[in-house]
Amino acid sequence: MSSSDESVRLAAGDVELTVRPENGCRIAGLEIGGTEVLRQGAKYGSFPMVPWCGRVRDGLFYNGAVRHHLPLNSPPHAIHGTGRDSVWRTAVAGKSEAAFVYDLADPWPYSGRVTHTFALTEESLTLAMGIETYETSFPAQAGWHPWFRRNLGGGRDEDVRIDFTPEWQEERGADHMPTGQRIAPLPGPWDDCFGMPGGVKVTLTWPGRLELTVTSAAEWVVVYDEQDEAVCVEPQSGPPDGLNTHPRLVTPIDPLEMTTTWTWRRI
């Protein structure tokens, strides 16, 4: 259902999801049994990272021998793509499913279309993105950046616990960029990218309240828990600076497709 403030609201049982297509196709809220699980605010919730994820070193990337310079929106790097700053168009808005699209444009140097779909049930949310082009091929990435509340409130509630078993951690340099080396996973706090070649699986547990598991067939996940208010679990199709280090070409016959599912149960 779409409201006059341009939000799109989905519902399944006592679960409600609010999407703001005019604010980067961002999930503004996810209430499970009346409890909001995402940090609130215009730049929080959960936003799609597209057509790249995380930081691009110095804003520079190459498509073959062609060099491109992206705006440095997190100096000295470019971060999180252009999708979160774009107005998306609502293509479908049903009771529990919706789809949105936007056409790539400046400052991204290539034409293409991004589709973002939502499917809500009483126990899960499945998100899918696709990037396609009918013109010049280009490297791209896709992923999601949810801000889950560290504490769900209620006085004596405990902070969320993060449980996952990565195979490796991308070593992070002083500039927050991967060094190119893979190391054994280190204890948190994290602002780090991890490799999970069997697929992403990260479980968040708010003791006595809720357990939520983020899964994806993707191989990489960034975990960020350095802020007091929220923790982030970000499945993505490549590591930070992946446009350069792990380029995945989107071609007229080979779109980039990415899916993640959040599954929850009350404790």
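Helices (H or I, at least four residues) and strands (E, at least two) are DSSP runs, numbered from the N terminus. With that in hand, P76 sits in the loop between strand 8 (66-69) and strand 9 (78-79). This is a predicted model, where local features need pLDDT of at least 70, side-chain atom pairs count only at pLDDT 80 or more, and totals for chains, interfaces and linings use all residues. Residues are numbered from 1 along each chain as its sequence is written, and side-chain values use heavy atoms, with hydrogens and water left out.

- Eight strands make an open sheet with antiparallel pairing, in the order 10-11-12-13-25-21-20-16; two strands count as paired if DSSP finds at least two bridges between them.
- Strand 10 (89-93) and strand 16 (161-163) are the edge strands, each with a single partner strand, so one side of each has no neighbour in the sheet.
- On average, neighbouring strands of this sheet are turned by 15° against each other, direction ignored; the axes behind such angles are lines fitted to C-alpha atoms, for helices over the stretch in contact, and angles run from 0 to 180 degrees between N-to-C directions.

**Strand 20 and its partners**

- Six of the seven residues of strand 20 are buried, so the rest of the structure largely encloses this strand; buried means under 20% relative accessible area, exposed over 50%, and partly exposed in between (1.4 Å probe, protein chains only).
- Strand 20 (residues 200-206) pairs with strand 16 in the antiparallel sense over three bridges.
- Across that pairing, R161 stands opposite T205, and I162 stands opposite L204.
- Strand 20 also runs antiparallel to strand 21 (residues 210-216), joined by seven bridges.
- W206 has L210 in strand 21 as its bridge partner.
- Strands 20 and 21 form a hairpin with three residues between them, and G208 in the turn has a positive phi of about 75°.

- Strand 3 (residues 26-32) has five of its seven residues buried, so it is largely enclosed by the rest of the structure.
- Strand 2 (residues 15-20) and strand 3 run antiparallel and are joined by six bridges.
- The hairpin of strands 2 and 3 has five residues between the strands, with G24 in the turn at a positive phi of about 75°.
- On its other pairing, strand 3 meets strand 4 (residues 35-36) over two bridges, again in the antiparallel sense.
- I32 turns up in both pairings: V15 stands opposite I32, and I32 stands opposite T35 in strand 4.
- Two residues lie between strands 3 and 4 in their hairpin, where G33 takes a positive phi near 60°.

- R89 belongs to strand 10 and is partly exposed, with a relative accessible area of 46%.
- Leaving aside neighbours within four places in sequence, R89 is in contact with A99, F100, V101 and R113; contact means heavy atoms within 4.5 Å.
- R89 and F138 are 49 residues apart in sequence and 23 Å apart in space, C-alpha to C-alpha.

**The largest pocket**

- The largest pocket has a volume of about 540 Å³.
- Of the 28 residues lining this pocket, R55, I79, H80, H145 and Y224 are the closest to its centre.
- The elements giving two or more residues to the lining are strand 15 (143-149), strand 17 (168-172), strand 19 (191-195), strand 22 (220-224) and strand 23 (230-236).
- On a 1 Å grid over the protein atoms alone, a pocket is an open set of points where a 1.4 Å probe fits, with protein on both sides within 12 Å along at least five of seven lines, and lining residues have an atom within 4 Å of a point.
- Grid points are joined across faces, edges and corners, and the volume is the space filled by probe spheres set on the points.

- Most residues other than glycine have a negative phi, and most peptide bonds are trans.
- A cis peptide bond joins P75 and P76, with omega about 10°.
- The bond from G188 to P189 is cis too, with omega near 5°, and P189 lies in the loop between strand 18 (178-183) and strand 19.
- D58 has a positive phi near 55°; this residue is in the loop between strand 6 (55-56) and strand 7 (60-63) and is partly exposed at 37% relative accessible area.
- D241 has a positive phi near 65°; this residue lies in the loop between strand 23 and helix 1 (242-245) and counts as buried at 7% relative accessibility.
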